[in-house]
Amino acid sequence: MLLNLHVKNLALIEEEEVDFGHGLNILTGETGAGKSILIGSIHLALGGKVSKGMLRENADYALVELTFSVEQPHQMKELEKMDIFPEDGQLILSRKIMKTGRSVCRINSETVSASLMQKAASLLIDIHGQHEHQSLLTRKNHIKYLDSYAKRELGDRLQTLQTFYHRYTDGKRLLEEASLDREQQQREISFLEYEIREIEDAHLQPGEDEELETAFRRLSHGRKILEAAAECRDLCADGNGNASDRIGQAVRSLTGVAEYDDQAGALAEQLQEIDSLLSDFNRELASYLDDFSFSDEEFAEIQNRLDLINHLKSKYGKTIDDILRQKTEKEAELEKLAHYDEYRRELEENLLRAEHELQEISAEVSAIRRSAAEIFTEEIRKALEALNFRQVKLSMEFRKTDHYTANGWDDVRFLISTNPGEPMKPLDSVASGGELSRIMLALKTVLAENDEIETLIFDEIDSGISGRTAQMVAEKMKLTAASHQVICITHLPQIASMADTHFLIEKTSDDSSTISRIRLLKREESIEELARMLGGVRITEAVMENAREMKKLADTVRPDSVSN
């Protein structure tokens, strides 16, 4: 479960820390106080997208840090597969966002990718945003919810299905590309033979171009090199007053007095070393000048060879290795064209085999989905009844697509009837906004039970509901919180009254800044906040009494007493 949230320099939040409790954690506050910023910060810590302007004004960075307790064996096992190991049963997920827009994700102080952060977080927490219920209107999402529910039964089959699908589509593509007639085939063969011969005739050697470029550079500046080396020889060895003669004189001068002074002797020894080094240098310089030669014919040969190699590079690759690799690939292509009929038969056989594999795994996955869909929709239906849907009917319609997809051949959608006597219709053509919120709540709680995710976050799940329905949603939240940690932002007093832990988010302003703060409410303070939610601006004693009664009734709600 989520133990702690630490936020710094994010939008209206300067620095806040929240310790969440077991059961139902409620966050309330005036509109614009910063409730959604708090949920947004959790999204960021879990690897969500960073938008511009999220950093607090004049701040160099923002920081969000989540501390989870991890106790369930299946969570530990899945985390270990990612090379993530909780320390003392805890996992700390943090994200630091720089002013430049760059961010650093860490798990237990070890830097990780945002994708790994998201993958790890998906085992620990599920967040339902304000408008996420709209995803129910997108038909392609329905199969995702079903697959999430049936993932244990499906096992690795979905991954296998996608592998077989890509193998099948690759096979179709290769067969479509292998559709040359005899004339095209001969043209391709002739062209490949020409290209292979062009590369072979060059007799390329790996690294040859680098050696030639070095020689070309040397010869193209040969006159300057010779002039500089000759001048150096004059200054060091051959000319009047050259360095070698002068240093020799200096050695003799110092050596003559070395016996009278130790320091003079040491200097003489150093000078002798310099004289010896200069003699070695002069010999090497003389040898270099003797060996250096410039031939117009050799220079032309090197230039022509480089021109040939560069021409081949422009056609076949940036390096000689690339060119030789292209030659090998073209030889393989030529071999394929030389036995084209055999190649096409092989492609056809491979495609048939891939299609058969895909057909088998698609049928297997579809059967598992159909079986799971009956249980899945029945569990959601029961949850909907507890959310004031009377005599609701829910099912999943399966249609077989006329082509394979990465999901197999299943086209799936929810069908629902919310009133007695009404026929089952597609969910997107029936449900209102408030109904969608409740359907998503039911779906999320069913999935959470199946996934064994400990922490559920609901950001204003109460959209579009009121009265008796609001009370039943509140009771459902209380029931869910008996087996999960639930964190909920709400505007409804019916839901807020059920809080095991109640936080108030407030916004304060002065001439220079606006800050959002969060604080834990004691029981009486929670009742006062309920009164504010019930009564608005003017809170009378009658409103306060109503709030106390609401809180008292909420205390009596237990899993075995929740309305059906």
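Tutor: Before we look at any strand, take one working rule: two strands are counted as paired if DSSP finds at least two bridges between them. Keep in mind as well that this is a predicted model. With that rule, strand 3 and strand 13 qualify, because DSSP asks for at least two bridges and these two strands pair in the parallel sense over four bridges. Within this pairing, I26 stands opposite C488 in strand 13.

Student: In what order do the six strands of the open sheet stand?

Tutor: The general idea is that strands of a sheet pair through backbone hydrogen bonds, either parallel or antiparallel. Here the six strands follow the order 8-12-13-3-14-15, and their pairing is mixed. Strand 8 (125-128) and strand 15 (514-520) are the edges, each with a single partner strand, so one side of each has no neighbour in the sheet. From one strand to the next, the twist averages 15°.

Student: Which way do strand 12 and strand 13 run, and how many bridges join them?

Tutor: Strand 12 and strand 13 run parallel and are joined by five bridges, with L456 standing opposite V486 in strand 13. On another step of the order, strand 3 (residues 24-28) and strand 14 (residues 501-509) pair in the parallel sense over four bridges, and L27 stands opposite F503 in strand 14.

Student: How many residues of strand 13 are buried?

Tutor: To read burial, one asks whether a residue has under 20% relative accessible area. Five of the five residues of strand 13 (residues 485-489) are buried, so this strand is largely enclosed by the rest of the structure. Both of its faces are covered, with Q485, I487 and I489 buried on one side and V486 and C488 buried on the other.

Student: Which strands are at the edges of the three-stranded sheet?

Tutor: That open sheet has the order 9-10-11 with antiparallel pairing, and its edge strands are strand 9 (393-405) and strand 11 (425-426), each of which pairs on one side only. Strand 9 and strand 10 (residues 408-417) pair in the antiparallel sense over nine bridges, and R399 stands opposite D411 in strand 10. Helix 4 packs on this sheet, touching strand 9 and strand 10, and its direction makes about 100° with that of strand 10.

Student: Which residues touch the most other members of the largest nonpolar core?

Tutor: A nonpolar core is read as a set of buried nonpolar residues joined through side-chain atoms. In this model the largest one has 81 residues, and F376, I380, L384, F414 and L443 touch the most other members. Helix 14 (residues 340-385) gives the largest share of this core, 15 residues. Leaving aside residues up to four places away in sequence, I380 touches L394, F414, A442, L443 and V446. Another core, of 43 residues, lies apart from the largest one, and M82, M117, I505 and I518 are among its members.

Student: How far away is the nearest side chain of opposite charge to E454?

Tutor: A salt bridge needs a side-chain nitrogen of Lys or Arg within 4 Å of a carboxyl oxygen of Asp or Glu. E454 is buried yet has no salt bridge, and the nearest side chain of opposite charge, R152, is 12 Å away. The residue is found in the loop between helix 15 (433-451) and strand 12 (455-459). Not counting residues up to four places away in sequence, the residues that E454 touches include M1, S69, E71, H484 and Q485.

Student: Is S135 buried or exposed?

Tutor: S135 counts as buried, because its relative accessibility is 18%. It lies in the loop between strand 8 and helix 4 (139-149). Not counting residues up to four places away in sequence, S135 touches N141, Y145 and M440. The C-alpha atoms of S135 and M440 are separated by 9.1 Å, although the two residues are 305 residues apart along the chain.

Student: What is phi of A11 near?

Tutor: The general idea is that most residues other than glycine have a negative phi. Phi of A11 is near 50°, a positive value in a residue other than glycine. A11 has its place in the loop between strand 1 (2-10) and strand 2 (13-19), and at 27% relative accessibility it counts as partly exposed. N108 likewise has a positive phi of about 50° although it is not a glycine. This residue is found in the loop between strand 6 (103-107) and strand 7 (110-112), and N108 is buried, with a relative accessible area of 16%.

Note on methods. Residues numbered from 1 in each chain as written. Predicted model: local features only at pLDDT ≥ 70, side-chain atom pairs only at ≥ 80, totals over all residues. Heavy atoms only, no water. Axes fitted to C-alpha atoms, helices over the stretch in contact; angles between N-to-C directions. Buried < 20%, exposed > 50% of the residue type's maximum accessible area, 1.4 Å probe, protein only. Lys, Arg positive; Asp, Glu negative; His and termini not counted. Contact = heavy atoms within 4.5 Å. Core = buried A, V, L, I, M, F, W, Y, C linked by side-chain atoms within 4.5 Å.
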